[in-house]
Amino acid sequence: MSIYLINFTALLSLHLLFHKYRNLKFENLVWILIIFLLSIFVGFRNEIGGDWTHYEKFYYKITNFTFNEILTSSLVYIYINKIAHYLEIQIFGVNFICAIIFMSSLSTFLNQTDNKWLALAISFPIIILILGMGFTRQGLAFSFSLFLIKALEEKKLFRSFIFIILSILTHKSAIFISSFLIFIYFWYHKKYFYILLSTLIPIFFAYLFWNYYNHYIYFYAGLGQHMFSYGSLPRSLLILFVAILFIIYKKKFNNMSEYQVFIYSSFSWMIIFLFPFSIISSIFADRLLLYLYPLKLAFVSFANLKDKSLKFVIFLTISAYVFYLVLWLAFGINAKQWVPYKFIGF
């Protein structure tokens with residue numbers, strides 16, 4: 001438990017250090033080092049994470065996959081496993097490759113923002129621990145969605161479509177965030193014809209993976225529901241809190257472009273819409289809400305901390321996530337799959 005709190009505290013301390021003593025060259029070197037160390041921390045964990053056994057079995061079954069299974073499964077994750085199998089670096093190699101992509105996406109998303117250390121710290125309790133170290137495939141899809149957000153901000157459409165395909169072919173639930181982001185982009189730029197054209201992407205993948213989506217809806221949102229995620233509600237409450245705060249304070253985010261304010265406002269309203277489902281369809285809502293966590297990163301990283309009211313709500317947000325982390329590590333039903341942390345070889 002202590003190693004997680006140490007990581008979180010270290011990131012907060014680096015925020016305080018570089019916020020007070022600005023040295024961009026030194027800060028950039030430390031940033032690269034920390035991103036690499038976190039990649040090792042995530043990638044070389046041993047038997048840590050809620051789905052560890054599932055992913056380990058997946059690795060050993062990879063050589064027996066048929067062409068049809070590969071085509072209709074998580075294509076990107078399968079080929080990462082195949083690379084690891086070829087190089088004989090085992091499940092740890094798979095996790096490290098995924099961790100490098102995952103932490104690189106966080107670095108790319110946050111690197112040019114004023115409060116990147118603070119945003120990296122607030123990403124630790126859920127984004128890094130739950131997504132990066134628990135739901136590895138969805139974490140990888142989340143990474144591609146972060147790259148997608150940046151590509152759309154820079155109006156690089158060809159690159160955007162590559163990230164859409166990579167995210168969906170990593171975890172099929174990513175069709176939600178990919179479709180949402182491309183719709184918001186074309187809506188903002190008033191390219192209504194392209195909105196119509198872009199609907200072909202989710203239609204194509206929905207047809208290709210229809211059996212999966214039908215199964216997913218039936219067992220996680222329909223009559224076949226038989227599981228409840230106890231972690232869903234507190235996670236949903238926390239991101240709902242951020243969504244409401246962003247709507248209230250969005251006019252204070254002067255260092256955001258109009259497009260960024262528009263997209264994160266859209267994220268906020270989508271979170272508010274999805275929140276009630278975390279009560280009646282906990283797993284379904286939880287998995288979709290995880291894709292909207294870039295709002296939390298943007299909210300913290302772009303906040304003007306010279307504004308006293310905004311500084312106070314950021315303090316409240318950080319405090320809420322610290323409280324969640326301590327509470328989850330101490331009493332979480334599934335926390336035992338993360339505690340104690342074990343590193344490869346130890």
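**Cavities, a pocket and backbone features**

In this predicted model, the second largest cavity is lined by H15, F18, H19, R22, E27, D114, N115, K116, W117 and L118. The volume of this second largest cavity is about 40 Å³, and its lining draws at least two residues from each of α1 and α7. Sorted by class, the lining of the second largest cavity comprises three nonpolar, three polar and four charged residues.

Rolling a probe the size of a water molecule over the atoms shows where empty space is left. When the whole structure is searched, three cavities of 30 Å³ or more are found, and the largest cavity has a volume of about 60 Å³. Around the largest cavity stand V42, R45, N95, C98, A99, F102, L131, G132, T136, G139 and L140. At least two residues of the lining of the largest cavity come from each of α6, α7 (116-132) and α8 (136-153), with α6 giving the largest share, four residues. By class, the lining of the largest cavity consists of six nonpolar, four polar and one charged residue.

Pockets were also considered, and the second largest pocket has a volume of about 310 Å³. The lining of the second largest pocket is formed by L12, H15, L16, H19, L118, L305, K306, K311, I314, F315 and I318, and the elements that give two or more residues to this lining are α1 (2-20) and α19. Seven nonpolar, two polar and two charged residues make up the lining of the second largest pocket. H15, H19 and L118 are included in the lining of the second largest pocket, and H15, H19 and L118 are likewise among the residues that line the second largest cavity.

The backbone was examined next. Most residues other than glycine have a negative phi, and most peptide bonds are trans. Against this background, E88, a residue other than glycine, has a positive phi near 60 degrees, and E88 is located in the loop between α5 (75-87) and α6 (90-110). E88 is exposed, with a relative accessible area of 68%. A positive phi, near 55 degrees, is also found for K190, again a residue other than glycine, and K190 belongs to the loop between α10 (175-188) and α11 (192-198). K190 is exposed as well, its relative accessible area being 59%. With regard to the peptide bonds, V339 and P340 are joined by a cis bond, for which omega is about -5 degrees, and P340 is placed in the segment after α19 (308-331).

Definitions and conventions
Residues numbered from 1 in each chain as written. Predicted model: local features only at pLDDT ≥ 70, side-chain atom pairs only at ≥ 80, totals over all residues. Heavy atoms only, no water. Buried < 20%, exposed > 50% of the residue type's maximum accessible area, 1.4 Å probe, protein only. 1 Å grid on protein atoms, 1.4 Å probe; cavity = no way out; pocket = protein on both sides within 12 Å on 5 of 7 lines; lining within 4 Å. Points joined across faces, edges and corners; volume = space filled by probe spheres on them. Nonpolar A, V, L, I, M, F, W, Y, C, P; charged D, E, K, R; others polar.
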